[in-house]
Amino acid sequence: MKITEVKVVVTCPGRNFVFVKVMTDEPGLYGVGEGTLNGSELIVAEAIRHISHLIIGHDPHRIEDIWQLLYRQGYWRGGAIFMAAIAAIDIALWDIKGKVANLPVYQLLGGKARDKVMCYTHASGRDEVECEDSARQIVERGFRAVRCQVGNYGAQGIVGILPPLSPGTPSTAIYEPTPYLVNAPKLFAHMRAQLGNEIELLHDAHEQLDPIAAARMAKEMEPYRLFFLEDPLMPEHRESWSLVRQASVTPLAIGEILTSRWDCLPLFMNKWIDYIRIKPIHGGGISEVKKILTLAEPFNVRSAMHGAADIGIIGQAASVAVQSVIPNFGIQEYTRHPELAYEVTPGACELREGHLYPNERPGLGIDLDEALAAKYPYQRAFMPLLRRADGTVHVY
């Protein structure tokens, strides 16, 4: 069997996604993968097209060999763009292998270590009461873990909005950390008092704090027993994670923008974190992220794979396959995708009572409808922009 073509599909069924089909010379046999990278979809798509020429004619069963070839083929290695491109192909190769074996991917990775994957999802509102109402609705759906925010991306610190400078670009939020640092602990005092101690509560600081502020935040959250505090620091502040760790026993999570084992290993070895957020579609695929979680296990670091809506249904299925088999599973982030996405990529993992269940169909159990995807062309989009009140680009 040989790879004959790598099709790249960029589509916007409610939001932008980057998908691939790795075609083979076996009639009707192909694998689907995903390399969506929010705000950089067209760049990843071009990277996939570029590296795909190297694997035409290769045996798709040789997944590790192809991974090493794609990772090491250039003098400049790694980074979010290339790791997402490699991930798209790697995920598709596992899909092919599962289809040939007539087994779901999780069986090829060692079989289930659990029957279902516990998820958390997002509660928000304009104030504590609205956030509480949102959380109660989530709990009624069967979730036992809820991420709580007032607004999104640190909205408790947003003090104004600047309009876009040109058409097709986003507005800019004016952010100040002091209102956020003052109000976020008040939110969790309210949530814990109203929801009790049985519901797991999580919070995402979105990497907007400096090291001292992050340490203060972690310490002030201690009375509210967070499941974890996510991204109190940017990865660039790696040497300051020890400061946050020493300040508090609040569990810490990071990793949704990390892309390799070399990014993760110092965090594990120094015992700076409790949960690693890396996931297949940004970490080099199923092959690489499975290895990263094996490295994490002896350091008592658990998985908590990023699962926001900018990760499509194929990427979600890859995460669920890995998290179904690893011993050091922690939790999976879950958000509902746009309804059209379920038509473009039919076969999504099933959500029941706050848990995702891996597909029992061969491979990842998901297809990609190219004709339908073509009806929803790419729409230019960017990540949120932040400045401080004095006009400085927010750098934390």
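## Basis of the description

The model is predicted, so local features need pLDDT of at least 70 and side-chain atom pairs count only at pLDDT 80 or more, while totals for chains, interfaces and linings use all residues. Residues are numbered from 1 along each chain as its sequence is written, and side-chain values use heavy atoms, with hydrogens and water left out.

## Packing of helices 2 and 3

Helices (H or I, at least four residues) and strands (E, at least two) are DSSP runs numbered from the N terminus. The axes of helix 2 (residues 63–72) and helix 3 (residues 80–101) cross at roughly 170 degrees and come within 10 Å. Axes are lines fitted to C-alpha atoms, for helices over the stretch in contact, and angles run from 0 to 180 degrees between N-to-C directions. Helix 2 and helix 3 are therefore roughly antiparallel to each other, a term for angles over 145 degrees. Their crossing is right-handed, that is, the near helix is turned clockwise from the far one by less than a right angle.

Helix 2 contributes Ile63, Ile66, Trp67, Leu70 and Tyr71 to the contact, and helix 3 contributes Met83, Ile86, Ile89, Asp90, Leu93, Trp94 and Lys97; contact means heavy atoms within 4.5 Å. By class, ten of these residues are nonpolar (Ala, Val, Leu, Ile, Met, Phe, Trp, Tyr, Cys or Pro) and two are charged (Asp, Glu, Lys or Arg), with no polar residue.

## Sheet 1-2-3

Three strands form an open sheet in the order 1-2-3 with antiparallel pairing; two strands pair if DSSP finds at least two bridges between them. Strand 1 (3–11) and strand 3 (30–34) are the edge strands, each pairing on one side only. The twist from one strand to the next averages 20 degrees.

Strand 1 is joined to the antiparallel strand 2 (residues 17–24) by eight bridges, and valine 6 stands opposite valine 22 in strand 2. Helix 3 lies across strand 1, strand 2 and strand 3, and runs at about 145 degrees to strand 3.

## Sheet 6-7-16

Another open sheet of three strands has the order 6-7-16 and mixed pairing. Strand 6 (158–162) and strand 16 (385–387) each have a single partner strand, so one side of each lacks a neighbour in the sheet. Strand 7 (residues 172–175) runs parallel to strand 16, and three bridges join them. Threonine 172 stands opposite leucine 385 in strand 16.

## Salt bridges

The structure holds 21 salt bridges, each a side-chain nitrogen of Lys or Arg within 4 Å of a carboxyl oxygen of Asp or Glu. One of them joins glutamate 360 to lysine 112, with the closest N and O atoms 3.1 Å apart. Glutamate 360 lies in the loop between strand 15 (355–357) and helix 13 (370–374), and lysine 112 in the loop between helix 4 (105–108) and strand 4 (117–123), so the pair ties together parts 248 residues apart in sequence.

Definitions and conventions:
Angles under 35 degrees count as roughly parallel, over 145 as roughly antiparallel, 65 to 115 as roughly perpendicular and the rest as oblique.
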